[in-house]
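Me: Hi, I'm new to this one. Could you walk me through it?

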Amino acid sequence: MKTEDWKTERITELFCSLTAIDSESFHEKAMAEHLRALLAELCIAAEMDESAKTTGSNCGNLFARVPGTGDKMKETPLLFLAHMDTVAPGNGKHAVIHEDGTITSDGTTVLGADDLSAVAAILEALRELKEENLPHRPLEILFTTAEEAYTVGASAFDFSNVQAKEAFAFDCSDRMGSYSATEPTLLSFAVTVTGRAAHAGFEPEKGVNALLAAARAIARLPLGRPNDHSTLNIGLLASGTGTNVVPERALCQGEIRSLVHEDALALYEETLRVFQEEAAKLGAEAAAKKNVHLTAYSIGGHDAALLRYQKVLEALDIPKSRKVQYGGSDINVVRRLGIDGICIANPMYLAHTTKEYTKISELAELSAIVRGLMVS
């Protein structure tokens, strides 16, 4: 068997074993303990931080340092990130390998390629460095919790422990060789409309219908794509206590994403203004609160992490491409902190659905990219 075939078989086996571990967001403890054991087999000591005290996860983020070797041992470290959590339904996952080289779940859960394909690739690359005694610069490895919940784990991590100036996360759904040229500001919001309750059958005219005010406001909002670089959505609406009561309160929850940070904030202010105007027309009131989870960034052509990535792609003869992404990643966090990072494509397709799949050939390809970055 060729070395490449053996490596492909090994990373496939590793990926499938990882998917068998339940690790929905905020319940990553079993995954973290397993990864810490796998790193220990490579003589890499991983520490779990205390972020669980604030994130609500049942474990912390996992962080490890790998000393540099050879003539690269004194160079500045590189940071590699992947998240341990999966979305629901993610418990009881069972990987199914198909003859065409794809891997799916059994159709009842997600597969977990988002982001376990990245975890497997990082571990395989680390194993190859050790087995082949390859000179490499110092490395920092961060496996985060609750990334799917708006990067909660990475946001709670103490990056003062990190020495790297360049970071690479593998959490972008696209063909190999792609990267996210930009990721958005993402904020969630909740608007509460307060009216006045009344009996809907005896004296409805004495009530102020909060639900009606909310509905009129929602109808006025530019839901969907209000412009060519932003999205606005109302996803949850709760109101009322019974069909015979004029609803006194209505709670509307939604999110805004924009590739321009200031435009995201402006859309929020417009949303609040519309709710307040419609509430006032009926004699109700509207109040809102927001939570900015991610801050938009764009990667310039001379970013150090991007240039390093492109050189690795050239060496591997993998075509490079860029994409605009409206999802966020842990890279939003590291760039906000001044670390030059990029979010790189990994083989996860139809992510967040029970039809999610990955490709065996691309798992091997991703591990080669990770390895190339580590020894660059």
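**Charges, then the fold**

Reply: Happy to! The chain has 36 positive and 52 negative charges, and their mean positions are 4 Å apart. Lys and Arg count as positive, Asp and Glu as negative, while His and the chain ends are not counted. Each charge is placed at NZ of Lys, CZ of Arg, CG of Asp or CD of Glu.

Me: Good to know. What sort of model is this?

Reply: This is a predicted model, where local features need pLDDT of at least 70, side-chain atom pairs count only at pLDDT 80 or more, and totals for chains, interfaces and linings use all residues. Residues are numbered from 1 along each chain as its sequence is written, and side-chain values use heavy atoms, leaving out hydrogens and water.

Me: How many helices and strands does the chain have?

Reply: There are 10 helices and 19 strands. These are DSSP runs numbered from the N terminus, with at least four residues (H or I) for a helix and at least two (E) for a strand.

Me: And what does the chain span along its principal axes?

Reply: The C-alpha trace spans about 80 × 45 × 40 Å. Of its 376 residues, 53% count as buried; buried means under 20% relative accessible area, exposed over 50%, and partly exposed in between, using a 1.4 Å probe and protein chains only.

Me: Let's talk sheets. What is the strand order in the open sheet of five strands?

Reply: The order is E11-E12-E14-E9-E15, with antiparallel pairing. Two strands pair if DSSP finds at least two bridges between them. At the edges are strand E11 (224-227) and strand E15 (285-294), each pairing on one side only. On average, neighbouring strands in this sheet are turned by 25° against each other, direction ignored.

Me: Is E14 enclosed or open, and why?

Reply: Strand E14 (residues 249-258) is largely enclosed by the rest of the structure, because seven of its 10 residues are buried.

Me: Which strands does E14 pair with?

Reply: E14 runs antiparallel to strand E9 (residues 185-194), joined by 10 bridges. With strand E12 (residues 230-239), E14 pairs in the antiparallel sense over nine bridges. If you want to spot the facing residues, Phe189 is opposite Gly254 in E14, Ser188 is opposite Glu255, and Leu236 is opposite Gln253.

Me: Which helices lie across those strands?

Reply: Helix H6 (residues 210-220) lies across E9, E12 and E14, at about 20° to E14. Helix H7 (residues 261-282) lies across E9, E11, E12, E14 and E15, at about 165° to E15. Axes here are lines fitted to C-alpha atoms, for helices over the stretch in contact, and angles run from 0 to 180 degrees between N-to-C directions. Contact means heavy atoms within 4.5 Å.

Me: What about the open sheet of three strands?

Reply: Its order is E4-E5-E19, again with antiparallel pairing, and the edge strands are E4 (96-97) and E19 (357-359). Three bridges link strand E5 (residues 102-104) to E19, where Thr104 has Tyr357 as its bridge partner. Helix H10 (residues 360-375) lies across E4, E5 and E19, at about 65° to E19.

Me: New topic: which peptide bonds are cis?

Reply: The bond from Ala88 to Pro89 is cis, with omega near -5°, and Pro89 is in the loop between strand E3 (78-83) and E4. The bond from Asp114 to Asp115 is cis too, with omega near 20°; Asp115 is in helix H4 (residues 113-131).

Me: Last one: is Ala146 buried or exposed?

Reply: Ala146 is buried, at 0% relative accessible area. Its phi is near 45°, a positive value in a residue other than glycine.
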